[in-house]
Amino acid sequence: MRQLIILFFCLAASVLAEANPVDNLLERIDKGASRKFKTELVRGDRDFFELDQSGQRVVVRGNTWVNIATGINWYLKYHAGVHLSWNGMKAALPAVLPPVPRRERHDTDLTLRYDFNYCTFSYSMAFWDWQRWEEEIDWMALHGVNMPLAIVGEECVWRNMLLRLGYSEEEVGRFIAGPAFLAWWEMNNLEGWGGPLPLSWYDRQERLQKKILARMRELGMQPVLPGYCGMVPHDAREKLGLDVADAPLWNGFQRPANLLPTDPRFGEIAACYYKELTRLFGKADYYSMDPFHESNDDSRIDYGAAARALLQAMKAANPKAVWVVQGWTENPRPQMLDALAPGDLLVLDLFSECRPMWGAPSIWHREQGYGQHPWLFCLLENFGANVGLHGRMDQLIDNFYLTKTHPLARHLQGIGFTMEGSENNPVMFELMSELPWRPERIDKQTWLRDYVKARYGTDNAKVAEAWRILAESIYNCPVGNNQQGPHESIFCARPSLNNFQASSWSKMRNYYDPDDTRRAALLMVEAAEALRGNNNFEYDLVDIVRQALADQARIQYQRVVGDYKTFSRKAFEADADRFMQMLQMQDRLLGTRSEFRVGTRLGQARQCGGTQAEKDLYEWNARVQVTTWGNRYCADTGGLRDYAHKEWQGMLADFYALRWRTYFDALREQMARMSQPDPEMLGTGSHSNKTAEELFQMALPQEVTIDYYAIEEPWTLSHQPYASAPEGDAVEVARQVARQFLAR
């Protein structure tokens, strides 16, 4: 009996010894999958992964767990026809995996692979639970990420720190923002908006961050924790006696004050911050700090001295830590670069596919790049988590391979995903993730054919042609077009006679023919029956048909405006009605996928709350962020309304449709008045003294004035429930869209 017990424990110990985090990841993809692979962690002079075969098991070797996970993803895509993406992180693997015909090795000297923008944590991840985070960490490992930004729970650090400094819970509540706006509080843009946070939120986020960090570290990732760069509440002068620099309002919001790093008490306050950060979440080898973010130069600030003080405070927390800073607009200042030794600073070239600052040609070109400091080549891709197809394939490929020969790129150490919003345009993130492992320049169309086959697990000529069209049009935004993110849907815009973009910040400009997305959508619909039930295909089908319908609706909108301006009242009725039909059909189409339903986001928000009041607060945060963003001043004067607009089921039918109906009704009333006698124009009324030019201007079609904020705010305050479960058949609804609105 004793021998049996010993044998049992020996076997158990053997199993535990063989277990590794990648095996656990495989089990989350498909139960039993780890038995079909043999993973080998081996030493290597370079980052690498290797595919091989041992009997019926696929062998994946690598010098880190993340590199092994990257190799597994490569195998699944290019040998097994299985593509794991945000719209599906599980797969049914075959009982026996396709064999690796010959040993295959990929390596890279780009050893740092970063993930996330501060904005991602609010626009995409504000209400994620551990299950969703677990999937994201798996996605990161499979795509080579080994250096993720990890700022969940930063508000917990700040709350504890401020309480130690003498602030009350009420004062802390007025300072820290709500869940959907924490990113802009962390970036020193605003105080308190969306709050105050319930105490239960801090408990939730602390537990969540500890799980996130444990899993990241288990996989060998190096989390980037948030450092301290001088933010204090705006009343810190009165409350703490600090000599602070007041910040101007940001889009109408009260900004926090800045304690300059050169202030005598900066080290004391910074030490308090790092002590609490370390107590809660441990130390890090990388800390993220973006001082003076999106601010004009201030002659009172010695930026070099400030940089040295920031570094000193960080090094006091961990002497071997590296400061991570975003290369964005004016940051990092040249004086900051000059003041720091190479190796102490790592720069994220945040928008490398469009506005590189490292030395490549662009409107943000820096003649000396980042000097001697290491940097990462980053893909921004998406702003505001807006829904829409978009990419700069040629520019991304050209700029990346330029780093192989450009003298200012010699300190390049890796890549990064720095999107403001995730869970969109998987093709662009897949391309970016593979570039470090492809030293020889790729041919875009060859890569794309392989991607499409991997994504759907099969060859289909119509689908391949659809993607070829997209890659040469909407996914190929050209050099010189500096728009921020997707070509925005007309449905999501505040209506006017001269509408073009939905948000005031997009810098959107036409660069592709809407007929291209229409043709691509029709090809996807033609192939739909053959690929029915294929999760990746049906997601892309809905997304591509959605884009085509939005593009055709923009043309339809121009017809409505033309009808109004030419006083074609019957045509106006017909064209306005067709536009509204297109909007309602878009709502139906998007309802077939949970990823495109507002109920998914609102459901995530409400699930974070433990009481009715908490659920309502979090839902309000979620609704405001994707609509008005802020209060009336912020929305109308500050211009942030619709920055994070979402072409989602539910919002189309109830939020955007209301704006368009109100606008079309106002135009109808205007035309009705214009068709009646106007006593003011008979010479005896208030117009009798107007000039000929003034009378001429009055005769032109007039814009109507509508208080849109008054229409929008009630939706943000509503608690009307929206389901997250998909409704309808994606293939059938896509066919209806094609027949009614895309066919010629």
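Predicted model: local features only at pLDDT ≥ 70, side-chain atom pairs only at ≥ 80, totals over all residues.

I begin with arginine 300, which is exposed, with a relative accessible area of 62%; exposed here means over 50% relative accessible area, buried means under 20%, and partly exposed lies in between, with a 1.4 Å probe and protein chains only. The side chain of arginine 300 meets that of aspartate 298 in a salt bridge, at 2.5 Å from N to O. By salt bridge I mean a side-chain nitrogen of Lys or Arg within 4 Å of a carboxyl oxygen of Asp or Glu.

Residues are numbered from 1 along each chain as its sequence is written, and side-chain values use heavy atoms, with hydrogens and water left out.

As to confidence, pLDDT is the predictor's own score for each residue, from 0 to 100. The protein averages a pLDDT of 94, and 95% of the residues score at least 70. Over residues 8-18, however, the pLDDT is below 50, and this stretch has one contact in the model beyond near neighbours in sequence; a contact means heavy atoms within 4.5 Å.

How many salt bridges are there? The count comes to 63. One of them joins the side chains of arginine 494 and glutamate 712, at 2.8 Å from N to O. This pair links distant parts of the chain, 218 residues apart: arginine 494 lies in the loop between α17 (461-471) and α18 (514-527), and glutamate 712 in helix α26 (residues 708-717). Helices are DSSP runs of H or I with at least four residues, strands are runs of E with at least two, and both are numbered from the N terminus. Both arginine 494 and glutamate 712 are buried.

The loop between α17 and α18 also holds leucine 497, which counts as buried at 11% relative accessibility. Among the residues that leucine 497 touches, leaving aside those up to four places away in sequence, are Tyr557, Val561, Lys565 and Gln702.

A second salt bridge to point out is that of glutamate 134 and arginine 215, at 3.1 Å from N to O. Here helix α5 (residues 130-142) contributes glutamate 134 and helix α9 (residues 199-218) contributes arginine 215, 81 residues apart. Arginine 215 counts as buried, at 13% relative accessibility.

Which charged residue is buried yet has no salt bridge? Glutamate 155 is such a case, and the nearest side chain of opposite charge, arginine 204, is 7.5 Å away; Lys and Arg count as positive, Asp and Glu as negative, and His and the chain ends are not counted. Glutamate 155 is found in helix α6 (residues 154-164).

Finally, the cysteines. With a disulfide taken as a pair of cysteine sulfur atoms within 2.5 Å, the count comes to zero disulfides. For cysteine 272, the nearest cysteine sulfur is that of cysteine 156, 15 Å away. Cysteine 608 is likewise in no disulfide, with the sulfur of cysteine 156 as the nearest at 13 Å. Cysteine 272 counts as buried at 18% relative accessibility, and cysteine 608 at 10%.
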